[in-house]
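Hi everyone, thanks for coming. Let me put the sequence and the structure up on the screen, and then we'll walk through a few places together.

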Amino acid sequence: LLIWLVMNGLIYLYKASEININLLKKNFLLSSTMIVSLGLLGAWSPVFNFFNYLIFGQNKRGINSINSVAGNTWRGFSSSAESIGEFYGFVILFLFILTYNKKIKLNNIDFLFVAICIYGLYKTNNFAVALSLLLISFLILLNNKITNKKSLLRIKILILILGVMILFFLVQTLNFEYVSTELMYEASLHSNLFENLSSYSKSVEITNYFDKGQIEALINIENNGKGSTTLVLLSKIYNQSIFDVPLVPNFVSFLSLISILINRTEMWGIFIAKYSPNLLETLFGNGPNQLNNYLFLQDIKLDMPEEKLDSLFLPHSSFLDIIVFFGLIGFTFFIIYNVYLYLIKHKTSEYKYLLLFLIINFSKSDSLLYISSVLLLTLVYSLLKKEDI
């Protein structure tokens, strides 16, 4: 009921909101600057630290030092470094679109606030946001500077070929066997395989099976029924037992490569070890915000201190969260709808790049679990609708 009411409210906001771009620009700059500034004040003074916690209803106390990683001034104001990093990146990209495409000028104070926002992004240590911000900004410049469609298409094809060559070189450098199996290797280490062995003996045994290329035997013969349904399915796909399509890269190898590139191998491996849905749950999910089956259905082993074993291990991907909540059908609808908005319905709108930015970063963070990130996505939909009016 709560989820339905929230969705109903978001739909109402989408339909009824009248967006003032200049006011939105001002509020984005003020809010991002205040998060950084108040976070720094809280780190400098215990009084301000308590003030932030009390007045802003923080779910955890702010930092008390500006050294090293503790210098993340978002702490307490945001649910995670990933979501606040996405917010800072969103603000910077939004301002870039306003100044470059919409010809809205920034004054000196605005530039100061932008600098503070960039500092906030730097302190979140979110490399994915920074990289996607640079790439999308480059894409905007490319699309606006080159008006000849044929020339633009040739350049994009060349960039794509270059990207594929870099990936090929990277795979060869890292070793193909390592790249293609590392994700399943991590999942196997965390799964309840060889349950009678110690952690060290278990890792040695699993490593031997992977070194010999006997993944199918490890998961589906030696430990039949002990791995999650997700791990069993991926092992069959990898061994071409199913979905064997000529000239199409192996899905598991490609997923493993992506997890290595964005540093998500361990967390996605834990997800694969944990997630064991039946057919109905695979198609339709467990329901919105229902993590119980994901967290507790499958016994797994985590190689970490005992006090952390009961921690909440989220998938670290909003895509995976959607699959848990709404299944493959819900995830497919989400992807198709956003691709439709980006490529077809709003292909001439400059705000579509904000949608691209969010979707790329949601793929590697749990941000869609937080209402602030859901509101950002709703705002983008509203901005795209505004372009139609």
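In which helix is the place of Leu 112? Leu 112 sits in helix H5, residues 108-124; helices here are DSSP runs of H or I with at least four residues, numbered from the N terminus.

A quick word on the source: this is a predicted model, where local features need pLDDT of at least 70, side-chain atom pairs count only at pLDDT 80 or more, and totals for chains, interfaces and linings use all residues. Residues are numbered from 1 along each chain as its sequence is written, and side-chain values use heavy atoms, with hydrogens and water left out.

Back to Leu 112: it counts as partly exposed because its relative accessibility is 46%, and that class runs between buried, under 20%, and exposed, over 50%, with a 1.4 Å probe and protein chains only. From Leu 112 to Tyr 370 there are 258 residues in sequence and 29 Å in space, C-alpha to C-alpha.

Now over to helix H16, residues 318-345, where we find Asn 338. Is Asn 338 buried or exposed? Asn 338 is buried, because its relative accessible area is 5%. Setting aside neighbours within four places in sequence, Asn 338 is in contact with Leu 355, Ile 359 and Tyr 381, contact being heavy atoms within 4.5 Å.

Happy to turn the model around if anyone wants another look!

Methods. Helix = DSSP H or I, 4+ residues; strand = E, 2+ residues; numbered from the N terminus.
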